[in-house]
Amino acid sequence: MSDHSFPIFDLGAFEAADNNEKKRLGAEVDQICRSTGFLAIANHGVAEAAIAEVWKKTQAFFDLSPEVKQRAKTLYPGYPYGYLGPGTEALAKSRNVDTPPDLKESFNGGPLSVPAGMSDPEALGFCYAATIWPEGPDGFAEAWKAYYGAMEGLAARIMRVFATALGLDEHFFDSYVDAPISALRALNYPEQHVPPQPGQLRAGAHTDYGSLTILLPQPGSKGLEIIAPDGNWTPVPPVDGAFVINIGDLMALWTNDRWVSTVHRVVNPPPEEGGMQRRQSLAFFHQPNWFAEIACLPSCLRQGEEPKYAPVLSGPYLMGKFKSTVTAKAG
Ligand SMILES: O=C(O)CCC(=O)C(=O)O
Ligand SMILES: [Fe+2]
């Protein structure tokens with residue numbers, strides 16, 4: 001797959017391959033997902049211009065004054081979209097670990113449209129709630145939507161790789177993810193002018209909740225770490241021109257823990273280097289359809305084995321997880 005210790009998957013080559021070669025490449029992805037579930041996706045076909053624009057607009061947004069950014073803030077604690085300022089989230093709380101708030105701010109947006117016939121009040125009030133667009137910079141919403149659309153397309157293609165990796169029909173997951181309730185999050189980890197509190201990180205240790213996360217760390221940026229199979233925190237290197245993807249809790253549930261939803265975090269810049277490196281990233285959290293029932297795949301159960309987890313509905317499950325990380329100060 002690559003000579004690097006961090007695996008790089010060539011998506012274009014997979015898609016152009018014949019069935020035997022797809023199976024062979026799928027088996028490599030299966031191995032990676034059994035060990036960490038973190039890999040880079042190269043040759044992804046996402047337009048450079050869409051990436052460059054969203055970087056430019058999100059950076060310009062984070063450069064605005066706190067007062068202006070707050071005008072795009074989430075409507076109330078637990079509201080999923082809009083601006084979440086410093087001090088509003090501690091990801092470690094999703095694993096019942098109490099830490100000071102993460103040292104970050106974010107802007108969050110949901111699906112670009114509501115599927116015809118969707119009338120579930122919880123779905124409409126949560127994942128289909130309105131994105132609170134900022135007043136500026138000009139062209140922010142256009143750049144955001146273009147990138148979101150590109151990520152939806154890429155995630156659908158990666159789910160086909162996952163189906164192949166699990167020995168299923170390539171299109172097995174299609175009907176679970178044809179009206180996905182994914183969220184896009186732009187993250188800004190500001191320069192650290194004061195030392196962090198004990199236990200305070202840029203992003204506390206957590207797993208992602210959904211099917212798959214497509215991450216784009218700022219080129220060359222450091223700080224993302226995963227717990228490797230040997231139990232040690234291990235940096236994820238920046239990979240030029242590629243996305244970093246990782247699987248989330250729903251893939252672990254679907255596969256009865258054959259695949260791991262690996263714990264990860266973003267550490268502070270080294271104090272000996274002044275702690276001053278700002279870092280940005282874009283995280284696309286792919287989430288199956290609101291009503292998709294995620295239950296252990298029969299092909300992931302050995303004879304005599306029982307499913308470890310009860311089935312869940314994608315939307316309500318996500319809502320419960322999301323609300324657990326909100327700090328008292330949120331909003
Ligand atoms: O910023 C990053 O590199 C990772 C952030 C992350 O893991 C998350 O927000 O779930
Ligand atoms: Fe994450």
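Trainee: What is the strand order in the open sheet of four strands?
Mentor: The order is E6-E11-E8-E9, and the pairing is antiparallel. Keep in mind that this is a predicted model.

Trainee: Which strands are at the edges there?
Mentor: Strand E6 (203-206) and strand E9 (233-235), each of which pairs on one side only. Neighbouring strands of this sheet are turned by 25° against each other on average, with direction ignored.

Trainee: How many bridges are there between E8 and E11?
Mentor: Three, in the antiparallel sense, with strand E8 covering residues 224-227. Within that pair, leucine 224 stands opposite valine 266 of E11.

Trainee: OK, other sheet. What is the order of the eight strands?
Mentor: That open sheet runs E1-E2-E10-E7-E12-E5-E4-E3, and its pairing is mixed.

Trainee: Why do E1 and E3 each have one side without a neighbour in the sheet?
Mentor: Strand E1 (8-10) and strand E3 (82-84) stand at the edges with a single partner strand each, so one side of each has no neighbour in the sheet. From one strand to the next, the twist averages 25°.

Trainee: What does E3 pair with, and which way do they run?
Mentor: E3 is joined by three bridges to strand E4 (residues 105-109), and the two run antiparallel. Leucine 84 stands opposite serine 106 in E4.

Trainee: Which helix packs on this sheet?
Mentor: Helix H6, residues 140-165. H6 touches strand E2 (38-42), E4, strand E5 (183-189), strand E7 (212-217), strand E10 (243-247) and strand E12 (279-286). The direction of H6 makes about 130° with that of E7.

Trainee: Now the other end of the sheet. Do E1 and E2 run parallel or antiparallel?
Mentor: E1 and E2 run parallel and are joined by three bridges. Phenylalanine 9 has isoleucine 41 in E2 as its bridge partner.

Trainee: And between E2 and E10, parallel or antiparallel?
Mentor: Antiparallel, over four bridges. Phenylalanine 38 is partnered with asparagine 246 in E10, and alanine 40 with valine 244 in E10.

Trainee: What about E7 and E10, how many bridges?
Mentor: Four, and E7 and E10 run antiparallel. Here leucine 212 has isoleucine 247 of E10 as its bridge partner.

Trainee: How many residues of E10 are buried?
Mentor: Five of its five, so by the cut-off of 20 or more other C-beta atoms within 10 Å every one counts as buried. In a regular strand, side chains alternate between the two faces of the sheet. On one side of E10 are Phe243, Ile245 and Ile247, on the other Val244 and Asn246, and both faces are covered.

Trainee: And how many residues of E2 are buried?
Mentor: Four of the five, so E2 is largely enclosed by the rest of the structure.

Trainee: Changing topic. What surrounds ligand 1?
Mentor: Leu187, Ala203, Asp208, Leu215, Pro217, Leu224, His264, Val266, Ser281 and Ala283. By class, that shell has seven nonpolar, two polar and one charged residues.

Trainee: Which strands supply at least two residues of the shell?
Mentor: E7, strand E11 (264-266) and E12 each do.

Trainee: What does UniProt place at residues 180-288?
Mentor: The feature "domain: Fe2OG dioxygenase", from an unreviewed entry. Over residues 180-288 the chain is 6% helix and 37% strand. The end C-alpha atoms of that stretch are 5 Å apart.

Trainee: Where is valine 97?
Mentor: Valine 97 lies in the loop between E3 and E4. Valine 97 has 13 other C-beta atoms within 10 Å, so it is partly exposed. From lysine 69, valine 97 is 28 residues away in sequence and 29 Å away in space, C-alpha to C-alpha.

Trainee: Last one. Which residues of helix H8 are buried?
Mentor: In H8 (residues 314-323), they are Ser314, Gly315, Tyr317, Leu318 and Met319.

Trainee: What covers them?
Mentor: The cover over the buried residues of H8 includes helix H5 (121-125), helix H7 (249-254), strand E13 (293-294) and strand E14 (312-313).

Definitions and conventions. Residues numbered from 1 in each chain as written. Chains lettered and ligands numbered in written order. Predicted model: local features only at pLDDT ≥ 70, side-chain atom pairs only at ≥ 80, totals over all residues. Pairing = 2+ DSSP bridges. Axes fitted to C-alpha atoms, helices over the stretch in contact; angles between N-to-C directions. Contact = placed C-beta atoms within 7 Å. Near = placed C-beta within 6 Å. Nonpolar A, V, L, I, M, F, W, Y, C, P; charged D, E, K, R; others polar. UniProt positions renumbered as here; feature names shortened; annotations may be inferred. Buried ≥ 20, exposed ≤ 12 C-beta atoms within 10 Å, placed from the backbone.
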